[in-house]
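Good morning, and thank you for coming.

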Amino acid sequence: MATIKEIARIAEVSSSTVSRVLRQDMSFSIPHETRRKVIDVARTLNYRTKKNRKSMGTERDNDWRIGLVIWCSEQFEFSDPFYMTIRQGIEKECEKHGVSIRRIFRWIEDVSPALDFSGLNGVIVVGKVEADILLQSSHSEVPIVYIDHHGSNQYDSVQFDLAGAARCAMERLLELGHQRIGYMGGTSYIRQHDSIQYIEDERQTVYMSMMRERELFRDNSMFIGSWGADEGYRLMRQAIQQGDVPEAFFVASDPMAIGALRALDESGIKVPDQVAIVSIDDIDLSQYVTPPLTTVKVYTEEMGVTAVKLLVDRFLGRELPLKVTVPTELIIRNSCGST
């Protein structure tokens, strides 16, 4: 098992130099070539921290401390597993690398939290938060990784192809021969300092584009509100009361689709015989509702895991910002028919 002393011997530096480099001691002045050499040797020897050694009784040689900036409240996160599983992925990978989460900054309503990054080695931002907010914080020079948003070219980011996932969902419905396809989704926005900037959601943009290309678009087939199962239920009730219900729906998220299923069931409208549904997420519950949801799977836990890996790589000396796109996958179940 590689040790600090072994890395120091091969890199031809002192053990204290190795320790401070691997801990990303920002006060430690050292030539870039020497820092790079230490990191390369550590990687070659597959150096691991105490938590990865399990049974080894040695002292941990790093003390990486990070903060999480999360664009929603705990209540919203609990109601939408998309963000909850991202955070679980972060926590899982932090445990693996011996990284401690020291602070969590959350938005309550529309008021931004007081961001203080002092004493932190890095920050992970979950959700659409404007980069300018972070630049105003103290010690904003620490490495930052965005999840589900590309904050700035100077930061790392982990995203999934939202537009591609939307096209996949729409293509499934079109392949099944549906022409009167409705859309159900929420409003999207970016968090700014003490305010929010509303933007058109990519799922809605893809829906409108694909329907217009085929001359099938109708304004009264779009139902836009906020997010969550309650809102999906409300919007589907609105569609039913309006009459002339579309024969299929592309729903922007699984929680909204689950609420929509309940509204359809209460009105005696059978899925998929009378209305087909395809959504995005593949949360755990989506396979257990009646009927089980056809959905585009987003690997949210892996997004959290990847963000931590990018941050650790920054700690070890990488300077070039990276943008990682996690793939998605269509999961076909009964809600769209022809499984």
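Let us begin with cysteine 168, which is partly exposed, at a relative accessible area of 23%. Cysteine 336, by contrast, is buried, with a relative accessible area of 4%. Please bear in mind that this is a predicted model. How many disulfides does it contain? With a disulfide taken as a pair of cysteine sulfur atoms within 2.5 Å, the count is zero.

I turn now to the pair of helices. Helix α2, residues 15–22, and helix α3, residues 32–44, have axes that come within 10 Å and cross at roughly 85 degrees. Angles of 65 to 115 degrees count as roughly perpendicular, and α2 and α3 are therefore roughly perpendicular to each other. On the α2 side, the contact is made by Val18, Val21 and Leu22; α3 contributes Arg35, Val38, Ile39 and Ala42. Classified by residue type, this contact comprises six nonpolar residues, one charged residue and no polar ones.

The last element is helix α10, residues 229–242. Which residues of α10 are buried? They are Glu231, Gly232, Leu235, Met236, Ala239 and Ile240. In general, an α-helix has 3.6 residues a turn, so residues three or four places apart point the same way. The cover over the buried residues of α10 includes the strands β6 (181–186), β9 (222–225) and β10 (248–251), together with helix α11 (254–266). After α10 comes glycine 243, with a positive phi near 90 degrees.

Definitions and conventions:
Residues are numbered from 1 along each chain as its sequence is written. This is a predicted model: local features need pLDDT of at least 70, side-chain atom pairs count only at pLDDT 80 or more; totals for chains, interfaces and linings use all residues. Side-chain values use heavy atoms; hydrogens and water are left out. Buried means under 20% relative accessible area, exposed over 50%, partly exposed in between (1.4 Å probe, protein chains only). Axes are lines fitted to C-alpha atoms, for helices over the stretch in contact, and angles run from 0 to 180 degrees between N-to-C directions. Helices (H or I, at least four residues) and strands (E, at least two) are DSSP runs, numbered from the N terminus. Angles under 35 degrees count as roughly parallel, over 145 as roughly antiparallel, 65 to 115 as roughly perpendicular and the rest as oblique. Contact means heavy atoms within 4.5 Å. Ala, Val, Leu, Ile, Met, Phe, Trp, Tyr, Cys and Pro count as nonpolar, Asp, Glu, Lys and Arg as charged, and the others, Gly among them, as polar. The expected span of a helix is 1.5 Å times one less than its number of residues.
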